[in-house]
Structures are given as structure tokens and as C-alpha cells.
Amino acid sequence: MLTRRAVLTAAAGGLAAPALLSLSRADTAKPLPEAPPRVGASATHEVTLEAKARSVELFGADGPKSTLWTYGDELFPILRARRGDRLRATLRNSLAEHTSIHWHGVRVPNAMDGVQYVTQQPVEPGNSFVYDFPLPDTGTFFFHPHCNETGQVGHGLVGVLIVEGDESRPFDDELVLIAKDWRLDADGSFLPFTTDSGAARAGTFGTVRTVNGQRSLTRKVPASADIRLRLLNLDSTRMMDVGVEGAEAHIIAIDGNPLPALPLCSWRLGAASRVDLVLRTPKAGGKVLIRDYFPAEIFDLAELEVEGPDRQAGGFDPAPLYAARLPEADLSAAERQAYVFGAASDSIASFVDTLDPNDPLSKVILDELCTAERTFWAINKRSWPNDGHRKLPPPLARLQAGKSYRFMLQNATPHPHPIHLHGHTFKVLSSSRRNLPVHYADTVLVLPKERIEIAFVATPGRWMFHCHILEHLETGMMGYFANT
Ligand code: C2O
Ligand code: CU
């Protein structure tokens, strides 16, 4: 096991990004405490999210203007609620094309999942839709459209949802870091969000990296303080190896799900993944860097400048988060299924009409917005149909609600795929290539030639299952489960 310093030195010395991505679990990892019962009534948070185009100077007054699409007047709005609260969000569509909102990672009732044609009709220009659901879990979540994802997310249509109530003792400060690249030309106009060469490989990368919409991010933080970082990779494509320099840091949650604190070497975040860290800042005058070691040249996600009096006396021993309250899969009784993520094969890319003709969804015409004209990818040799297919394809499987499943996810391509299952939080049991901690997640990165096993308890409804490199889902690497 390399020490953090060794990893950092290797990276700083211009060697390849650290190959060691695993974490050492402290032998003494204590189980997380249970949250005490909630006191006081739960609240309903009413919010209007207007999807609209706005001309924005993305990088300050001297930068070029770009026409972004945002929810309201702010880039990346952050909604906050507490576990047990309700969210009542009205999507108002002021765009020129239809849209919807998917609440990524939130265990919503199926009708609130925001997938056009699968769980709801598209919200047409000028129309509204109300998403109204309880928030069963704490964590760092986000939301985004589920049609023309490269275009709509590419223009900036994404927001953050934080569900509080997991801190057994409040941290001294909190920072939310939203990493997202932009496909911008020098004049501020957008370059094509998707290219054949990108879609058929690791994805089309942005030309400008930002954190919270800024090219470089500096923040003042208190001294000798325990700071919580909520780091979200909301890029359509990018993979990051996140590390912290200048402070000791622990991972305390993955995709919002608490785990016993793990010392951070570097943690690999695929598109759509989130990680919560806690770090102890040094004395006033010190500096902490939050870095991405993945690219050839290290990218600094944020620079923290330490100031003011000490907040904590004594060593770094951050308060644990409260344990997640998730249905626990019964591993011995679970049904095993295998899913292979591979290239499209035309032999099986066409679908037979196996749908019940009385099912209204089978009459839906998949429109061009939701799919690309080309197909490169498949799950178990089946590709999500492009616009030549006029019906919802049959599900990948029909799972039984309440039953436990163990899925083996296998990557048969030379590119990494961050695989996301809607509506469920699964347990990542093992990797064939990496020493991963057992943890809960809603999106798991499957590296080339890697096999990852996950387990979960199925819930009723139609739930999407796809790669979160947006060009991959638009070119075939998407399916769904029809659970009863
Ligand atoms: Cu964030 Cu269907 O995904
Ligand atoms: Cu992929």
C-alpha cells in the first residue's frame, strides 16, 4: 500500500496517474451510528425549476458570452432538504424542445423518475410538470433531463439536491464542488456535443474544464477545522482521480451513502458519481489543494486558503455520518444475473415486437431528440433502439419487487463505463480488478475487462439501466427493467 505522500510524489513527478486506486480500510472501522428518530414535523419544499436559455458570461465580464440552458437564473442551483422532507418541484419548460427531470440517485416512486416515454410523457415547450415525492435518504444527489442528454446537459441543464440529516456532529464548514466541462469554441459558442469518434470510444470531451462554473476556484476556509466537501462529477464524459494535498482527508460517503471513514489516497470518480470527503485544515496561512490526478497534467479542482483562529483542538478524528437506511439484499437467496456491456452487434440490434399491444407505451413513437441516428453500444447484445424503432423495446428483464438480486456487470469494451441503475441504491460487493471497499452506490464505474458485482432489492416500476457517459446511452448502451 503506497502512502498518500508516495502517490502524490509519483503524480507530481510527471509519472502516469497513480495506478493504485484502492483504499485501505482501517482495521478498526467501526460501524456507523444509527440516526436518532427525527424531532419535529417534516417540511415540504416547493420550488419552481424553469428550464430556459440564458446568455451568460461564463467566465466573468471579460469572457465571451455563451447561451446556456439553466434551471432558473442560476447555473447549477442547489436544493437542500432534510431526510423525511418532501420535495415538490415544478418543472416549467421554457426551452424550444421537450424535457423532463430525472432525480439521479434518489429512491423516488417510479412515476417521479422523469424518463420521457418510460415513466412520463415529455414536458413539451410551454408546459409544466410537478414532481412531488418524499426524500427517504440523506446524501449528495443531482438532477438532469433524460432526453437529448448530451445537448441539454451539455448546455448546462443540471442541478444539485442535498438531503441533510446525516451528520452526528456538525462539521465546521461545507463546500459543494461541481465539476463539469464545456464544449466551447473560442467565441463562446458551443461545439457539437457529440462526435462519431467520441461516441464510439471514450466520449467527446469538453474544451474547458470548470468547477462551479469557474475555471479556477479559490475559497477561504477556517483553520484547524473539519471541512466537508461534496464533490460531484457532473460531466457528460470525464473520469477523475481525486486527491487532497495539504490536509489529511477521509472519504465519508459515496454517491451520498455514508461509509466508515476511509483515509483517501485517490478516488476514481466516473461521470455522475459523487464522493463526500472530510478534511482537517492546517493552521492559518496554510493551503489545501483538491486535485484531479487523472489527466496528463494535474488539474486543481479547488484551492483552499486557510485563515482565522483554530476551530478544533486535538487530532483529526471526524464525527461519523449516520448509517444509511437501505433495504439489505439477501445475498444467499439472491437471484444472479449477468450484464455484459459491449459493442453493438447488428445481428441482434433489431427488436421483435413482444410488447402487449394494449400497453399505451408500446404505441409511443420514440422521437429523434431522445436517440442518436447511430448505434455503437449494447447491453447483453441489445442496443437501445434509435429513431428507426417506433416502439419501446422489451425490458432487459422483469424483476420481482421485494426480491434480492446479484448482478455481475462485465465490461467487454476497451473503454470505462459508469453504469447507473435508476430508483435503487445497490451495494457494490466486489471488483475483479480493484480492491474496492464494500459500499452503496447508484452509479459504478466498470473499467475495461473489469467485472463488478452489485446487489439490491428490486422495487416496482420501469427503471432505466445505462452507462452515464451520455453519448454511450444515446448510442445504445441503455435498457430498462420492468419490475412487478
Ligand atoms: Cu443520471 Cu438515467 O441518469
Ligand atoms: Cu459507457
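The paragraphs that follow go from the whole chain to the ring pairs and then to the metal.

This is a predicted model, in which local features need pLDDT of at least 70 and side-chain atom pairs count only at pLDDT 80 or more, whereas totals for chains, interfaces and linings use all residues. Residues are numbered from 1 along each chain as its sequence is written, chains are lettered from A and ligands numbered from 1 in the order in which they are written, and side-chain values use heavy atoms, with hydrogens and water left out.

The protein chain holds five helices and 29 strands, taken as DSSP runs numbered from the N terminus (helices H or I, at least four residues; strands E, at least two). Of its 484 residues, 59% are buried, where buried means under 20% relative accessible area, exposed over 50% and partly exposed in between, with a 1.4 Å probe and protein chains only. Among contacts (heavy atoms within 4.5 Å) between residues at least 6 apart in sequence, 76% join residues at least 24 apart.

Across the whole structure there are 19 aromatic pairs; rings of Phe, Tyr and Trp (its six-membered ring) pair if their centres lie within 6.5 Å, and planes under 30 degrees apart count as stacked, over 60 as edge-to-face and the rest as tilted. One of these pairs is edge-to-face, formed by Trp103 and Tyr131 with 5.9 Å between centres and 70° between planes. This pair links distant parts of the chain, since Trp103 belongs to strand β5 (residues 102-104) and Tyr131 to strand β6 (residues 128-134), 28 residues apart. Trp103 is buried at a relative accessible area of 0%, and Tyr131 is likewise buried at 0%. The pair of Tyr405 and Phe456 is stacked, because its ring centres are 6.1 Å apart and its planes lie at 25°. Here too distant parts of the chain are linked, with Tyr405 in strand β22 (residues 404-411) and Phe456 in strand β27 (residues 451-457), 51 residues apart.

The copper ion (ligand 2) is coordinated at 2.0 Å by His417 (ND1), Cys467 (SG) and His472 (ND1), donors being N, O and S atoms within 2.8 Å of the metal (3.2 Å for Na, K and Ca); water is not among the atoms, so sites may look incomplete. In sequence these donor residues follow the spacing H-x49-C-x4-H. Cys467 is buried, with a relative accessible area of 0%, and His472 is buried with a value of 0%.
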